[in-house]
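The sequence and structure are shown below.

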Amino acid sequence: MKGRLRWCVIGLIGLATVINYIDRNALAVMWPEVSKEIGATKEDYALLVTIFMIFYAFGQSLFGRIFDAIGTRMGFTVSIVIWSLSIAAHALVRSMPLLMVLRATLGVSEAGNWPGAAKANALWFPSRERALAQGIFNAGASLGGIISAPLIALLFVQFGWHGTFLLIGVLGFIWLVPWLWFYKADPENHPHISAEERAYILSGRTEAGQSETRRMPLGELLRHRQSWGVILARFFLDPVWWLFVSWLPIYLAETFGFDVKQIGLFAWVPFVGAMMGSLFGGWLAGRIIGGGGSVHKARTTAIALGCAIMLPALLLTIRADDPLSAVLLIACILFGFQTAIGNIQTLPSDYFGGGAVGSLAGISGTAAVAGTLITTWLVPLLTKASYAPIFALSAAIVPLSFLAFRLIGGRVEPVVTGHPHAQNKE
């Protein structure tokens, strides 16, 4: 037995991600009622999404450096305390200005979850298990999407939207209790890890090129083509995910006339597909590596398959004329997305040592948000008659993500640091 402490760590982080998505999705699910009370419009909602995403982009890079500086334990603590206070304070909203401020603080703090997970993954898992660990973490986002719509709808019926925001704000503080008790240190110094599991993790890091732990200056990191492969892959692909995270309830309300309760009945379905894709993408990569395939082959296969699923499903969604067909097709889209993105998110730890993982994960997350901001403002412009144009645009950018990964990132193997102009050969 190698021990199971590493799986407990990623399980706790996955649970934090569930809470993260419950909190961020609450406004979208309750928007039909919130907007009536504060007198807001669809354009106001696009503005709120933009504010959230701008600060989320800033938070990705900020927390990437924070996690590299203060470590995983305290990095998650700072992130979740701020975002829990922010979502609870939504209960005080009576007009747009305060809501704009709170979406900003929520965005910057929730962003910490992603570079933190990438950092923990690099620290606690060898390369052969890293995609599965990332899949478990990403499944937390999907599970949060599954839970959030019906949970928020149920709480809304019982307590109204003010009370709902207050109640979900408590969840993060409950999570902190087991986190601070359990996560005493990284695997090198954790008091409860077995010698066998520690050796297994550390040997897996070395074989994956993870022996270097120095903090890499940002300028040096950005001189590597591999960094830009990750950054551009996420710039093109992440808008597909955020299109449905941010706009699915609004799409259901406008296209099929749904109210909050009906949104709660349907909006969780696509995230079942996302959760399955998260686990499948991790399993597939692990199966390829376990069967003797290279990390490069595993990542390339999973990312290519995910993109190949997304593209036709997005085009078919254009013609969906009933809510069940629409949400099932979107479930296929999100299955493909999570199959691909879980492997893209492991690339920083595949390419670089532990001291650079949080930083590259944060920078690529910022790039992902930059791409998402473009689509966010296109949604109100392109969806006046239907959502078909925005689905077509999403289909067009999926292949660009794969091409950025393959043509710019090159072969997936450890980068020889200290030689910033060195490029891996195909």
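## An opening question

Is T105 buried, partly exposed or exposed? The model examined here is a predicted one. In this model T105 lies in helix α4, which covers residues 96–110. The relative accessible area of T105 is 29%. Buried residues have under 20% and exposed residues over 50%, so T105 is classed as partly exposed.

Leaving aside neighbours within four places in sequence, T105 is in contact with I82 and S86. T105 and V170 stand 65 residues apart in sequence, and their C-alpha atoms are 17 Å apart in space.

A16 belongs to helix α1. With a relative accessible area of 0%, A16 is buried. Beyond its neighbours within four places in sequence, A16 is in contact with I80, W83, N113 and W175. The C-alpha atoms of A16 and L176 are 9.0 Å apart, although 160 residues separate A16 from L176 in sequence.

## Helices α3 and α6

Two packed helices are described by the angle between their axes and the distance between the axes. Helix α3 (residues 72–89) packs with helix α6 (residues 127–182) at an angle of about 165°, and the two axes are 7 Å apart. An angle over 145 degrees counts as roughly antiparallel, and α3 and α6 are therefore roughly antiparallel to each other. The crossing of α3 past α6 is left-handed.

On the α3 side, the residues in contact include F76, I80, V81 and I87. On the α6 side, they include F165, G169, W175 and W179. By class, the residues of the contact of α3 with α6 are 14 nonpolar, five polar and one charged.

## Helices α6 and α11

Helix α6 also packs with helix α11 (residues 269–290); the axes come within 7 Å and cross at roughly 175°. The helices α6 and α11 are therefore roughly antiparallel to each other. Among the residues that make the contact are A131, L132, G135 and I136 of α6, together with M275, L279, G282 and W283 of α11. The contact of α6 with α11 has 14 nonpolar, eight polar and one charged residues.

## Helices α1 and α9

Helix α1 (residues 5–38) and helix α9 (residues 225–256) have axes 6 Å apart, at an angle of about 40°. This angle makes α1 oblique to α9. From α1, the contact is made by Y21, R24, N25, A28, V29 and W31; from α9, by W241, W242, V245, S246, P249 and I250. In the contact of α1 with α9, nine residues are nonpolar, two are polar and one is charged.

## The nonpolar cores

The largest nonpolar core comprises 124 residues, and W124 and W241 have the most contacts inside it. Helix α1 supplies the largest share of this core, 18 residues. A second, separate core has seven residues, including A131, L284, I289 and A298.

Which residues are in contact with W124, leaving aside its neighbours within four places in sequence? They are L5, R6, V9, Y183, A185, D186, P187, H190, I193 and I201. W241, named with W124 for its contacts inside the largest core, is also one of the α9 residues that make the contact with α1.

Technical notes: Residues numbered from 1 in each chain as written. Predicted model: local features only at pLDDT ≥ 70, side-chain atom pairs only at ≥ 80, totals over all residues. Heavy atoms only, no water. Axes fitted to C-alpha atoms, helices over the stretch in contact; angles between N-to-C directions. Helix = DSSP H or I, 4+ residues; strand = E, 2+ residues; numbered from the N terminus. Parallel < 35°, antiparallel > 145°, perpendicular 65-115°, else oblique. Left-handed = near helix turned anticlockwise from the far one by under 90°. Contact = heavy atoms within 4.5 Å. Nonpolar A, V, L, I, M, F, W, Y, C, P; charged D, E, K, R; others polar. Core = buried A, V, L, I, M, F, W, Y, C linked by side-chain atoms within 4.5 Å. Buried < 20%, exposed > 50% of the residue type's maximum accessible area, 1.4 Å probe, protein only.
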